[in-house]
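Please open the structure in your viewer and keep the sequence beside it.

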Amino acid sequence: MSVLDDTIVAILDWANVFFEFVCVTLTLSFFLFCCVPYLHTRARNLLKPWVIYHVENGLYWVALLQKYRTPSLTTVFEQSSHSVSVGFYGSFLPLLIWEGFPGLGTELCMLMASTLYVGNAMKDLVSAPRPLGLKYEKVRLSHISTSSEETKKNAEEYGLPSSHTMNSLCLNFYICHYLHKNDFLSNDMAIFWYSAVFIWVVWIAISRLYLGLHTPIDILAGAIAGLTVLTAFISVQERVHQFMFSSNSWISMIILSLILLRLHPMPEKPTPTYEFTTSFVGVAFGVIVAIHLYPAYYEEDITLQKILSLPILIHIARVATGFGIVLLSKSVMKRVCTAILPLAYYGFPLAIRRLWQPPVHGKVDPNTSLKRTMDDRQWVDVDATVRFFSYASIGFSACYLVPRAFDAIHYLFGY
């Protein structure tokens, strides 16, 4: 290589290091910012008018795409959007963990919990409207949907940033990065798959415009936030891995979860955003506890060769057993928490209860008329805690109970 080539390579390396530093700094700064509620309203007052201005200017693109509305196109775009849904994550991530990629599956759980928190905190912080229901040239824009319950619930959230753009970018690009890093993809194949992921993310972004759920400013914010979180996560991936296997990781995780969920920005009006955040943070906590109790299962990041050697019937039995355990675990945990937590919280001093009222619009205002009653299900801290531990049981069962069940199958049948 010539001196010029060496110089270019050095400049690119420094640029990459600087970009990673900026992304890590921005991500950590945002988490710290969320921990200072005093700043939330001030930031909203500063940002929201600017965002609304760009939302209104972006209505043109939503109206333009909806001119080409057809039932078949609507169905295709809606089905594409399901690749960023609770149902998809609930089936795809466990399959990765059980079927040969436990390292990738658990790291994706951590990445998506971080991504969901950042995106949802931004939504509730800015509280910017979606385009649906707004008027463009005397035409009221609508949400084009056939529609599932989850889709309707998503539409109740605020707009900026686009979570679908953000999450699809982080999930798919990290998978490509992981497979390339572990030599499952050659350099040429990595370029092909990175390009395919880019096209897919653009497709998802267009689908959100077409369906009337976002404007270009939401898409842009989701792409920038997603790239920032993804780059930050890749930069500190080794530290994340060390944290997941540290002896006190579960204690640190429950403290971190408590702080971030309590100090999550409160939206201007009730939305389901906080519910989604609580669910994913709960799953991440369950995964950490599972790894702490059964680290041997995760000593090898990739066990694909062992899995591929199993007969197809054993694969089917493993997957059926796994999902059965996960569903049963969540159901039992939800019932137990719903029965016990109101009674447990009943004995807490009101001062402590006030400290843990989640930042959502509940039936009871903890700052005004708190009265101790046995019907404490009306308190939002009960709802939030039940959800957290119900979803924590999903992460725990998928990463601990199911692998233990696989050990039993191996012991009984030799597979």
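**Salt bridges**

A search of the whole structure finds four salt bridges, where a salt bridge is a side-chain nitrogen of Lys or Arg within 4 Å of a carboxyl oxygen of Asp or Glu. Before you select them, note that this is a predicted model, in which local features need pLDDT of at least 70 and side-chain atom pairs count only at pLDDT 80 or more, while totals for chains, interfaces and linings use all residues. Residues are numbered from 1 along each chain as its sequence is written, and side-chain values use heavy atoms, with hydrogens and water left out.

Select Glu268 and Lys48 to begin: their side chains meet in a salt bridge at 2.4 Å, N to O. This pair links distant parts of the chain, 220 residues apart, with Glu268 in the loop between helix H11 (249-262) and helix H12 (273-293), and Lys48 in helix H2 (residues 40-66). Here helices (H or I, at least four residues) and strands (E, at least two) are DSSP runs, numbered from the N terminus. Is Lys48 buried or exposed? Lys48 counts as buried at 17% relative accessibility, whereas Glu268 counts as partly exposed at 41%; buried means under 20% relative accessible area, exposed over 50%, and partly exposed in between, with a 1.4 Å probe and protein chains only.

Next, select Glu275 and Arg387, whose side chains meet in a salt bridge at 3.4 Å, N to O. This pair also links distant parts of the chain, since Glu275 lies in helix H12 and Arg387 in helix H16 (residues 380-413), 112 residues apart. Glu275 counts as partly exposed at 28% relative accessibility, and Arg387 is partly exposed with a relative accessible area of 23%.

Stay with helix H16 and select Asp407 and Arg404, which both lie in this helix, three residues apart, about one turn of the helix. Their side chains meet in a salt bridge at 3.9 Å, N to O. Asp407 is partly exposed, with a relative accessible area of 32%, and Arg404 is partly exposed too, with 37%.

**A nonpolar patch**

Now select Phe198, Ile199, Val202 and Ile206, which make a nonpolar surface patch of about 370 Å². Patches are made of residues with over 30% relative accessible area and no salt bridge, with like charges joined within 9 Å and nonpolar side chains (Val, Leu, Ile, Met, Phe, Trp, Tyr) within 5 Å. Ile206 is found in helix H8 (residues 187-210), where this residue is partly exposed with a relative accessible area of 34%.

**The cysteines**

How many disulfides does the count come to? The count comes to zero, a disulfide being a pair of cysteine sulfur atoms within 2.5 Å. Select Cys399 and Cys109: the sulfur of Cys399 has its closest cysteine sulfur in Cys109, 5.7 Å away, which is too far for a bond. Cys399 is buried, with a relative accessible area of 1%, and if you select Cys170 you will find a buried residue at 0%.

**The whole chain**

Of its 415 residues, 48% count as buried. Its accessible surface comes to about 20700 Å², of which 68% belongs to carbon and sulfur atoms; accessible areas come from the Shrake-Rupley method with a 1.4 Å probe, and for residues only the protein chains shown count as cover.
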